[in-house]
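Let's take a walk through a protein model, one feature at a time. Keep the sequence and the 3D view handy as you read.

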Amino acid sequence: MPSLNFDQDSEKKLLTVWDKVSQAEKKEIFSFSEDYKQFLDQGKTEREVVELVVSIAKEQGFCALAEKATLLPGDKVFYVNRDKAIVLAVIGRDSLEKGIGFIGAHIDSPRLDLKPEPLYEDGFLALFKTHYYGGIKKYHWVGIPLALHGVVVRQDGSRVKIVIGEDPADPH
C-alpha cells in the first residue's frame, strides 16, 4: 500500500474553476444567474414555462409554425404541444440527408399535483388528495409556504388560469 506523505511540496491549494474566473466573468455569471432565478420564479409549472419560452422566442424573432406556409433557410419557428411542451427550430440550409443538429431539454417542475377529484373531508378538515412529482419527498413540503398554480377547465371548455399564494394579499 502506498504511503501518504504530506510534506510542504505536496500541499497545494486545490483550485476550482471559480478560482480561475476573472472578475468580469464572475459579474457575467451572477447576471446570468439572476436572470435564471427570475425565469424559475416565473415558470413554476410546465404551462407557465411554455408561456414564458413563447414570449422569449417571439422577442428573438421566432413565430408559430402554423403561421408559415413554407419553411425557408433561416426561418425560426416554434410548436407548442398541449400547452405543456414546446419545440423551437431554426431551419438550416442543407437537406436533412446531410444531418440535423438539435438540443433537447426537459421542463421539470417539482410539485404536488391534485388528483382529479381531490377534495375530501376528514373530521373537521377539508383535505386534498395529491401526488408528488419531480424527485421530491413528502416531508419536503411541510415546512414551506405553498402556492396553487394551475388551470381550471370549465364545462363549456373555457380555461381559467389560477395562481393563489404568490401575492402576499392572497389568502393563506
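The protein averages a pLDDT of 87, and 92% of the residues score at least 70. That score, pLDDT, is the predictor's confidence in each residue, from 0 to 100. Confidence is lowest in strand β5 (residues 125–133), at a mean of 87, and highest in β1, at 97. Where pLDDT is low, the predicted coordinates should not be read in detail.

Some ground rules: this is a predicted model, where local features need pLDDT of at least 70 and side-chain atom pairs count only at pLDDT 80 or more, while totals for chains, interfaces and linings use all residues. Residues are numbered from 1 along each chain as its sequence is written, and side-chain values use heavy atoms, with hydrogens and water left out. As for the names, helices (H or I, at least four residues) and strands (E, at least two) are DSSP runs, numbered from the N terminus.

## Two pairs of rings

How many aromatic pairs does the structure hold? There are 2 aromatic pairs. Rings of Phe, Tyr and Trp (its six-membered ring) pair if their centres lie within 6.5 Å; planes under 30 degrees apart count as stacked, over 60 as edge-to-face and the rest as tilted. Trp 18 and Phe 30 have ring centres 5.8 Å apart and planes at 80°, so this pair is edge-to-face. Because Trp 18 sits in helix α1 (residues 17–20) and Phe 30 in helix α2, the pair ties together parts that are 12 residues apart in sequence.

Phe 32 and Tyr 36 make a stacked pair, with 6.3 Å from centre to centre and 5° between the planes. These two are 4 residues apart in helix α2, so about one helical turn separates them.

## An open sheet and a helix across it

Next, look at the sheet: 3 strands form an open one in the order β1-β2-β3, with mixed pairing. Its edge strands are β1 (63–64) and β3 (85–90), each pairing on one side only. Two strands pair if DSSP finds at least two bridges between them. Strand β2 (residues 76–81) pairs with β3 in the antiparallel sense over 6 bridges, and Tyr 79 stands opposite Val 87 in β3. Helix α3 lies across β2 and β3, running at about 20° to β3. Such angles run from 0 to 180 degrees between N-to-C directions, and axes are lines fitted to C-alpha atoms, for helices over the stretch in contact.

Most residues other than glycine have a negative phi. Arg 82 is exposed at 72% relative accessibility, and Asp 83 is partly exposed at 39%.

## The nonpolar core

Which residues make up the largest nonpolar core? It has 9 residues: Val 49, Val 50, Val 53, Val 54, Ala 57, Phe 62, Ala 64, Phe 78 and Ile 86. The largest share, 5 residues, comes from α3. A nonpolar core is a set of buried Ala, Val, Leu, Ile, Met, Phe, Trp, Tyr and Cys residues joined through side-chain atoms within 4.5 Å. In soluble globular proteins, nonpolar side chains tend to be buried together.

Gly 43 is in the loop between α2 (23–42) and α3 (46–59) and counts as buried, at 10% relative accessibility. Beyond four places in sequence, Gly 43 touches Glu 48, Val 49 and Leu 52, where contact means heavy atoms within 4.5 Å.

Strands β6 (residues 148–153) and β7 (residues 159–164) pair in the antiparallel sense over 6 bridges, and Leu 148 stands opposite Ile 164 in β7. Their hairpin has 5 residues between the strands, and Gly 157 takes a positive phi near 95°. His 149 is in β6; leaving out residues up to four places away in sequence, His 149 touches Lys 44, Thr 45, Glu 48, Ile 162, Val 163 and Glu 166.

Key. Buried < 20%, exposed > 50% of the residue type's maximum accessible area, 1.4 Å probe, protein only.
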